[in-house]
Amino acid sequence: MKSPTIVAAASAPGQGAVAVLRLSGPKSLEILAKGVRLDPKTIRLAPRRLRLARFYDAAGEVLDQVLVAYMPSPKSFTGEDMVEVHGHGGRAAVEALLARLLDLGAEPAGAGEFTRRALENGKLDLSQAEAVARMIEAGSRAELAGAVRVLEGELSQKLGSLQQAIEILLAEIEASLNFPEEPDLESLDLRSRRLEPLLAQAGALEQGLRRRVDSGAAEVVLAGPPNVGKSSIINKLSGKQVALVTSQAGTTRDAVSVELELGGRRLRLVDTAGRSKEMPAGEADRAAEVLALARAEQADLVLWVDDAWLAAEDMEKQAWGETLLPLRNKADLIDETQAENLDAELRALGGLLVSALDGRGLDDLSDLLVRRLDDLLGPADGLPLTTRQALAMDKLMAALRRAEKTLDHQVELAAEDLRSAMDAMGELTGRKLEPDLLDRIFSSFCIGK
Ligand code: GDP
């Protein structure tokens, strides 16, 4: 069955100098030719060239003066015959052109349908298709750079080469299991010859990834008792008056958030005042409470803020963990020696002493946030992975680490682990994805993409 010819506006809605409509499918040329009242043969003479034309309605009235281009299959984004119509960028003009194109036999495109067709026609693989979404969502130069690298095929190439290395190791193990008499496993020296380089390759790949890109900005939650200066810190860090600062306890009722860019990474600072009133008093209990809160908030990082003049209870390293960071604010209210000691103590726990009032420690706080998020989520300009891909990557790494343990003594298990690694690889590259998962992935795209 031939796929229908689809149409959608490729440019954002609203007023602009130019609006672009795209068609993809076998009837693209025919529809265009009717719309601009030209012979399809004439258009076909100059593929991939912009041509000035008038676009007519059914009654022969001019709807718009447009530039049109015809991109014959297979050399187009989707791999199908495609047409672009560049009209004037007003709402009425776009609606009129779109209505006429539908009238001439095109069908409205679904979310992400152009990219999906490109995927189905082998013009892109899934990681590249998802990179299209990342390109569009990129909010900083660093994020854009990472997405471009995926679109250019860097992730596909790296995954491909890792996959090949796993396949070779698995094949050698299987061969030795099937033909135990020759050559024996030890003399094959699979660990140093195959597995170690494989792990190094996988580790390097993992280091260069940026995780959790579906939610856009990394989520940094500020929690703590009322009136310790959470809103003031957010205001100072973002340089904007976004949160309500007040000297009355518990006035920020709803979570207030602000998005900013630090070190090329977008992050959202969220103030969770109000909810923190029921927090338990003990430091360790609080930590547990805050972690629960963090999970609820989907936070990547939680800053637990407290007053500097509060006696430091025994703060234990393990209570804080990777994603919880102790901050003490109002350093200006304690004396210098006290401040130095407290700051040292907090730094040992991965935290800091700051003052939202005089600005002390806030530059260090920015650096600390960037560093922590880099550690947790990968570099801002890393190759972006969606949550789905990041989970598959975790599975892949876990399987490889299991194989590392089993290879010497339980080689059958190692083979099994490597097969699991291959399955995870299939999920990562999209080779093993079910159609309904593809539906879900593309439904998050916007129409016209
Ligand atoms: P929140 O309830 O934790 O969000 O706290 P706010 O940001 O609303 O601040 C509560 C009060 O503490 C306000 O009166 C602020 O001006 C004050 N405050 C905030 N940060 C500092 C600081 O570093 N030093 C001093 N002395 N006061 C501060």
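Arg-48 sits in the loop between H2 and strand S3 (51-56); helices (H or I, at least four residues) and strands (E, at least two) are DSSP runs, numbered from the N terminus. The model is a predicted one, in which local features need pLDDT of at least 70, side-chain atom pairs count only at pLDDT 80 or more, and totals for chains, interfaces and linings use all residues. Residue numbers start from 1 along each chain as its sequence is written.

Although Arg-48 is not a glycine, its phi is positive, at about 55°. Arg-48 has 12 C-beta neighbours inside 10 Å and so counts as exposed (12 or fewer other C-beta atoms within 10 Å, against 20 or more for buried and partly exposed in between, with C-beta atoms placed from the backbone). Arg-37, in the loop between helix H1 (28-36) and helix H2 (40-45), also has a positive phi, near 55°. With 11 C-beta neighbours inside 10 Å, Arg-37 is exposed.

## Cis peptide bond

The bond from Ser-73 to Pro-74 is cis, with omega near 0°. Pro-74 belongs to the loop between strand S4 (62-71) and strand S5 (82-88).

## Helix H6

In helix H6 (residues 141-151), the buried residues are Glu-143, Gly-146, Ala-147 and Val-150. They span an arc of only 95° around the axis, so they lie on the same side of H6; the arc is taken from the directions from the helix axis to the C-beta atoms. Just after H6, Gly-153 has a positive phi of about 100°.
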